[in-house]
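Let's take a walk through this one, from the place where the chains meet to the packing inside.

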Amino acid sequence: MADLETIERVKEIDVDKYKYGFKTEIESELAPKGLSEDIVRFISAKKDEPEWMLEWRLDAFRRWQTMEEPEWARVDYPKIDFQDLHYYAAPKTTEGPKSLDEVDPQLLETYAKLGIPLKEQELLAGVRKRGEPSQLDDADAPSYGSGKVAIDAVFDSVSVVTTFKEELAKAGVIFCSISEAIKEHPDLVKKYLGSVVPKSDNFYATLNSAVFSDGSFVYIPKGTRCPMELSTYFRINEENTGQFERTLIIADEGSYVSYLEGCTAPMRDENQLHAAVVELVTLDDAEIKYSTVQNWYPGDADGKGGIYNFVTKRGDCRGKNSKISWTQVETGSAITWKYPSCILRGDNSQGEFYSIAISNGRQQVDSGTKMIHLGKNTSSRIISKGISAGRSSNTYRGLVSAHRKATNARNFTQCDSLLIGDACGAHTVPYIEAKNSSATFEHEATTSKISDDQMFYAQQRGLNEEEAVALIVNGFVRDVLQQLPMEFMAETQKLIGISLEGSVG
Amino acid sequence: MSANPNRTPAEETFVSGFAAAEAALPSADWLKRKQALAAFSELGLPHRRIEAWKYTDLRNLVDGAYPAQTETTLVDVEQVQSLAQQSIFGDLGRSTAVFVDGRFRSELSSLPSKGAIELLSISDAAENAPDWLSNTLGTVVPQEDDAVSALNTAYMSDGAAIHITGESKEPLELVFVHSAGQPRTVSQRVLVVVDAGASCELFETHIAPADARYVSTVVTEVVLGDGATFDHVKTQRDGAEAVHLANLHAKLGADATFNSFSATTGGRVSRQQAFVEYAGEHTTANISGVYLLSGTQHGDSTLVVDHAVPNCVSREMFKLVLDDQARGIFQGKVMVRPHAQKTDGKQMAQALLLGPDAEFDSKPELEIFADDVVCGHGATAGELDEELLFYLRARGIPKDQAMALLIAAFVGEAVEEVSNEAVRDALNEMATNWLTTHKTGA
């Protein structure tokens, strides 16, 4: 009865208010505004990084200075003054509390307001039932169940608390902030950082390479199935800070990991820039499942404020029989520019992309994926569901290509768009390039509105218009919802309802 | 128009050769040659950095200078006639207008008797053009942003201006023949004005000897009045060394029917673009085509369908058979403007890759700003289905024959879009002939 629950949730919600719009008053340490070599040095020094890392950043910065902002995406926004941003902000509690009890209570309160606090996460994950003591309270307990979620909470730029870390260490899994990894595991970082998204890959990725503040690092050793879902909550909090996450996940031979990324951000007027880079590497027979729920502040009804989300996400199926699966639910941000991609290098490797992109108000989404088939017998699958409402613009932009030597490459793509209201736009821009005859590519796209018959049927059975829309939309995106880890599914259904508020009637 | 060191030899020849060529070309102010040349010298030949030309880089593909053909050429009449007789429309009762190297040849043509159909040579009519010609030519084609149209307008040497005022009983065929000789660029123009309620069936044949080296540009403008019907079937069988650049621009009135089918087997490089704009409601446009390419042929079909008004229907169906190292490209954009409600748009592009190194690139695009629409597209690429082949062979059909059957069925689906049964048969026969003259992996 998930659909009914959704309707109830939609009912509960306060219309016209971004539920997660609040600002936490925590002192933070800011770098001066602007971007220069000195700032790059400042960031590197703040993080106490080795010399090679500083050189890496400076090289990226120098290249970035010669690059131009891309303009091909179907998004429209005032030019960003890159000199008018802070490139580093750290909450003062950088000492790193060992458990939630030690965390600034205001922070915990923030998470509570988010509706997806760490403890709530436990509930959603079914680790404990409501009323039972939280397992977070006795994090030292030696055993770990399969339904647990380890969370690396990122508050602004610095990883504040990492739970379950010790238990993961027992399995040999390294799950820490990237700054820690640079110090503790320099060989792994040197080997893989920038190997999927090169330092100067594109304008935003290069900027990220120069100034990235923090992010997650995951290494799953050979033959290990990561005992729990790994998860990071991103928050952008400090005013006028760009958030430059850098995530690197390496799944060594025969390993498996499922990684969840979810985020919300407080309401404010200044546009905020977010330029993250996520790199995934799978070696032979390894698999990474990467799920995202993105619900940053989309701006107000007139499109004022809101997050600029310019993200480079790419996975490299480097080994044979490896697999990378991206699942994303994009409901927030004023502007989304995001193309999680798979490079299918290893023979028999697989790539997947499941996406729900919802835009309302004046949001602009230009998102999609690239499936680049290089190895033999590689296969990929793309399911994209775009929903645009209000005065928003929602674009799917994707590439499927098979290299000359990628014999027997297979792709199936399904892109569906749903339009709600006559002032929004839905666009589909797929590129399909088959460079050898054994490639089998199928692409299908449809665009339509919610059918009057469906609405009539639902309303005739007593649902009001908004309930009916929520029900139908949840059905429309079902194929993708099913790909989400259990913990995210309920949350996402709720989000879909919230995102579409005020879109009918 | 300063000399630009970055120009390719082809571009340089087009820009610098204009002054000399202009004197020899038909002259009239309404032809607007100078403006077009200025636009071309600004644009240059399209290249892969221009998104719409990503897969067809003309700067690269038009290799070397192809000076514009301005004069009437002296050709072997028998050779021209034997080429013209290869037209697949030969058995259909139709009148013909034959153009040789870009000039109308009345002695080779059999023009329709005066009636509902009026056909003029643009060159002959230049100085004394009727209003429907001088006021319409160039109004459907946007001059500034398309280099091919600009080049064609600057250099058009001749073409057909057709005005249909009623129901034309007899189909009309335009035959464009090219002769062997020095490399050259031939620019031909077609204008079709179909009055309200009138109908027109137009065939178009492009044919040349295999060794002729030329760039052929054909810009066709079609204006359909309310309730008008237009059936267009084109066969592009240019020479193996030819570059064929065709732009079809159509503006459709209300309750009109527009059908355009093209079959392409010729040319080293071909790019055929269709731009359809709806000016009135309840109109249907059907654009379809077949590409049969082998060797290193490069065939590009680019469509832009602009649903500017509500209640219109568009259908596109393209089938490409690519052998050897042939490269096929399909780019189709369906635009639905705000308030163009109740739009129904469907598009399908399918490629059959026969040669191991054949390539198919496609970019079906939807750009939708209205909500009450039903739009969709599909694109597929793949080899012949092994299972189907096995089925046929298990029933004793030799491999070659089984393949031919499957390919014919694949192509036939697009040919089905043509309403005239006799034309369908002729097209299927053309496809079968292509198959038998190319070994299909046997």
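This is a predicted model: local features need pLDDT of at least 70, side-chain atom pairs count only at pLDDT 80 or more; totals for chains, interfaces and linings use all residues.

Residues are numbered from 1 along each chain as its sequence is written, with chains lettered from A and ligands numbered from 1 in the order in which they are written.

Start where the chains touch: 30 residues come from chain A and 31 residues from chain B, a contact being two C-beta atoms, placed from the backbone, within 7 Å. On the chain A side, the elements giving two or more residues are strands E22 (410–420), E23 (425–434) and E24 (440–449); strands here are DSSP E runs of at least two residues, and helices H or I runs of at least four, numbered from the N terminus. E23(A) pairs with strand E18 (residues 359–368) of chain B, antiparallel over six bridges, and pairing takes at least two DSSP bridges. Within that pairing, A:Ile432 has B:Ser362 of E18(B) as its bridge partner.

Now look at B:Leu322. Leaving aside neighbours within four places in sequence, its contacts include B:Leu293, B:Ala351 and B:Phe360.

Finally, find helix H3 (residues 33–43) and helix H8 (residues 147–155), both of chain B, whose axes come within 8 Å and cross at roughly 145°. Those axes are lines fitted to C-alpha atoms over the stretch in contact, with angles from 0 to 180 degrees between N-to-C directions. Residues of H3(B), among them B:Phe40 and B:Leu43, meet residues of H8(B), including B:Leu151 and B:Ala154.
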